[in-house]
Amino acid sequence: MAADVGTELLRDRISDLPDAILVSILSLLRLDEAARCTVLAFRWRRLFTSTLLFDFNADMPGRRDIIGTVNSILAAHPAAPVRSFSAGWSFLPRDQDLSGGCWLQELARRGVEELFLDFNFRDWSHRIPDSLFDCFSLKLLRARYCTFPDVPKAGAAPPLACLTEIELWRVSISDESVNFLLSQCTALERLKMNATSKFGRVHIRSPSLKVLDSDGDFDELFVECAPNLEWLFGHYMYMKGGSRRVCLRIAHAPKLKFLGYLGMNFEKIEIGETIFTEDRINVKTLMPSLKTLAIEVSYTEEGYIDWIIQLLNMFPCLEVLYIRSDTWSRIQAAASESWDVLRHIPCVHNHLEKVVFEVYRGHEWQREMAKFLHGKSRFLKAMEFHCMNDGDGDSKCHRERRSVEWVRNQQELLCLDSRASKDARFLFFKGQLVCNHWNICHREWYRRKYYDEIYEV
């Protein structure tokens, strides 16, 4: 009996745990501390190299020589493959040399496929080492608060041939580097650039690109040849500030399904042979592939109704229309124009299924536009009004939601009984459309919550 008890006390219960639980225990430690734990048993060493180092999370708060620690861990496990590498070094010293110790070259040698690099948020002084272009197996790159390296010299081997997705946030990058990535990364499908440095001319010539998502901080966007481009999103392309006026040119994008945001403040919009300028509209080329369009309406400017109608005529198979005006503008008076339009608009009459007013204040110009669209759209399924309270200058009222009585009054003013599609639903939401809608609209949790804030009227 005593012998049995002694045997039980000497038993290593931790070794009886399955690999998944042991990895969970190790993952609660800082990576350098987990590395030191591998001396306890061969099994722990195997788990470290096959799991924790396979997906290498190099976040190590409190360590001053982070680069040195990463290099020492890699040197201690020279044969361990690394699939992904994540570095959240938000407080990295400004004078820290990221190229020290060749850690990125070592990751490239081990076939790294995903890189997540997040540096000092106080400035963009940290420069990604040039050895980034040695990562021939790289498929995904996400970088924040840093400077992108200069493009390789002409004649070098084609770099980043496997790269399919790039996401840059507050990254200083030159026009030359952007255009290089678009033309030389032959597998690139998605490029997202938010809050990056201001560009001059972005030139898209890519056989593989499917999604371009940007804040739109450039002077000219030229889509010369993008046979697989489906999504072209410029969040602030329509904005006018000082001498900055964006020129958009689309020469060849036969699969484009989503385009936004377009507005009257563009210097020029040129799609095929169709040209929109400040004083001239000449529709010659149609784009039947486009299904969703997002526009910014400058309703105080003369000619805004004709501009919208001409724009809609370019997209004969359009199914979804998002309408945004100056989000914070409380100007109610629109340019003196009428929606009494007799012309046939193919997409409105034959295809339009959904209209979304992203910020609805109940201004007369919004009501008249809504009445025109629901009165002509025979296939309309839903029209959404994301309501916002102006508050008459009172910040407290500005935060309050519209009353149910106000919504009922809007329903009467919108003349919903005169809609062309009797099956159409008119939905009033208790707040404006979220500003990051396009970034999260594909996520399941957002889809589930989207209709939670509807007025019951």
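Mentor: We start with a rule: the expected span of a helix is 1.5 Å times one less than its number of residues. Keep in mind that this is a predicted model.

Trainee: How do you know that the span of helix 10 agrees with that rule?
Mentor: Helix 10 covers residues 364–376, which is 13 residues, so it should span 18 Å. Its end C-alpha atoms are 18 Å apart, and therefore the two agree.

Trainee: Which residues of helix 10 are buried?
Mentor: Among them are Trp365, Met369, Phe372 and Leu373.

Trainee: Why is Asn71 called buried?
Mentor: Buried means under 20% relative accessible area. Asn71 has 18% relative accessibility, so it counts as buried. Asn71 sits in helix 5, residues 66–76.

Trainee: Which residues does Asn71 touch, leaving out those up to four places away in sequence?
Mentor: Its contacts are Gly100, Gly101, Cys102 and Trp103.

Trainee: Why is Tyr145 called buried, and why is Arg170 called partly exposed?
Mentor: The cut-offs are under 20% for buried and over 50% for exposed, with partly exposed in between. Tyr145 is at 14%, so it counts as buried. Arg170 is at 34%, so it counts as partly exposed.

Trainee: What makes the phi of Tyr145 worth a remark?
Mentor: Most residues other than glycine have a negative phi. Tyr145, in strand 4 (residues 140–147), is not a glycine, yet its phi is positive, about 55°. Arg170, in strand 5 (residues 165–172), also is not a glycine and has a positive phi of about 50°.

Trainee: What kind of peptide bond joins Gly260 and Tyr261?
Mentor: A cis one, with omega about -5°. Most peptide bonds are trans. Tyr261 belongs to strand 12, residues 258–263.

Trainee: What makes strand 7 and strand 15 edge strands?
Mentor: The open sheet has 6 strands in the order 7-9-11-13-14-15, with mixed pairing. Strand 7 (199–205) and strand 15 (281–282) each pair on one side only.

Trainee: How do you know that strand 14 and strand 15 pair?
Mentor: Pairing needs at least two bridges. Strand 14 (residues 274–277) and strand 15 have 2 bridges, in the antiparallel sense. In one of them, Ile275 has Asn282 of strand 15 as its partner.

Trainee: What lines the second largest pocket?
Mentor: Its lining has 14 residues, with Tyr322, Lys354, His437, Cys441 and Arg447 nearest its centre. The lining divides into 9 nonpolar, 3 polar and 2 charged residues, and the pocket's volume is about 310 Å³.

How values were computed. Residues are numbered from 1 along each chain as its sequence is written. This is a predicted model: local features need pLDDT of at least 70, side-chain atom pairs count only at pLDDT 80 or more; totals for chains, interfaces and linings use all residues. Side-chain values use heavy atoms; hydrogens and water are left out. Helices (H or I, at least four residues) and strands (E, at least two) are DSSP runs, numbered from the N terminus. Buried means under 20% relative accessible area, exposed over 50%, partly exposed in between (1.4 Å probe, protein chains only). Contact means heavy atoms within 4.5 Å. On a 1 Å grid over the protein atoms alone, a cavity is a set of points where a 1.4 Å probe fits but cannot get out, and a pocket is an open set with protein on both sides within 12 Å along at least five of seven lines; lining residues have an atom within 4 Å of a point. Grid points are joined across faces, edges and corners, and a volume is the space filled by probe spheres set on the points. Ala, Val, Leu, Ile, Met, Phe, Trp, Tyr, Cys and Pro count as nonpolar, Asp, Glu, Lys and Arg as charged, and the others, Gly among them, as polar.
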